[in-house]
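Here's a quick tour for anyone meeting this structure for the first time. Have a look at it, then read on.

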Amino acid sequence: LRNFIYVAKVLDDFGYRPKGIRLDSGDLRELSLRCEEAFEEVAKTRQSFGSLSIVASNDINESVLQDLTTKDHGITTFGIGTNLVTCQAQPALGCVYKLVEWKGQPRIKISQDLPKVTIPGRKRAYRLHGANGSPLVDYMALASEGAPEVGRKLVCRDPFHSTKRVAITPSRVVPLHHPIIELGKVVEEHRPPLDLSKTRQFAQEQLQTFPDSMKAYDNPTAYPVMASQSLFKFLHDTWESEAPVPEWK
């Protein structure tokens, strides 16, 4: 730190504005506070030191970031490399295609593992917002059903638990299902933005609408995804008609 300040002062004398310092080892929080204190002291006589960056790196991940947000530190920029391109929590993304309809006929996957049971038939999804404007639930309905209406009460069902249901009068209804490609051509009305910054901004705006309890790093509240009355009945009727019945002898 002392050497950096000496060199930065000399460069500043020659008209080269110092940019900042990088911390790549040790106690990042403690070191950043020492750097911040030293820079503030020099900035009393040298204005250029008032805007120096304190960059922290060294295998920074979500856990480190979460820990630092709960404590005072002087870090202005995080340099994230390895953990940006490789998710330590889930290094591989498992993707499975689940068929729910074939030639107009519903299809269902039966499994003893409940999360693997599919909900048959063509569906539409909507996000229902409450009186305060925050999302309450994502609501699935059969494609043949009409869309939910603002101000009109409807019953939402947990697809797999018959006792879990709730009545909602939405203040806003947002369709979540839009065709991007039809018959091999992009649907211009729903063409995704080519600018990644717009996609990022949209994602951030959506996250801001959810309550903090659902965005908590530790033990977040699960966001409910529920079904319409008709879809609930259709799921269980299909399940009963397709699932084999064990025979006892």
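What share of the contacts in the protein with a separation of 6 or more comes from residues 24 or more positions apart? That share is 54%, where contact means heavy atoms within 4.5 Å. Keep in mind that this is a predicted model, so local features need pLDDT of at least 70 and side-chain atom pairs count only at pLDDT 80 or more, while totals for chains, interfaces and linings use all residues. Residues are numbered from 1 along each chain as its sequence is written, and side-chain values use heavy atoms, leaving out hydrogens and water.

**Overall build**
- You'll find 7 helices and 13 strands in the protein (DSSP runs: H or I of at least four residues for helices, E of at least two for strands).
- Along the principal axes, the C-alpha atoms fill a box of roughly 85 × 50 × 40 Å.

**Burial**
- Out of 249 residues, 24% count as buried, meaning under 20% relative accessible area with a 1.4 Å probe, protein chains only.

**Two residues to look up**
- Asp 59 sits in the loop between β2 (53–56) and α3 (62–69), and its phi is positive, about 55 degrees.
- Lys 103, in the loop between β4 (101–102) and β5 (105–106), has a positive phi near 50 degrees.
- Most residues other than glycine have a negative phi.
- Asp 59 is exposed (over 50%) at 56% relative accessibility, and Lys 103 is exposed at 73%.
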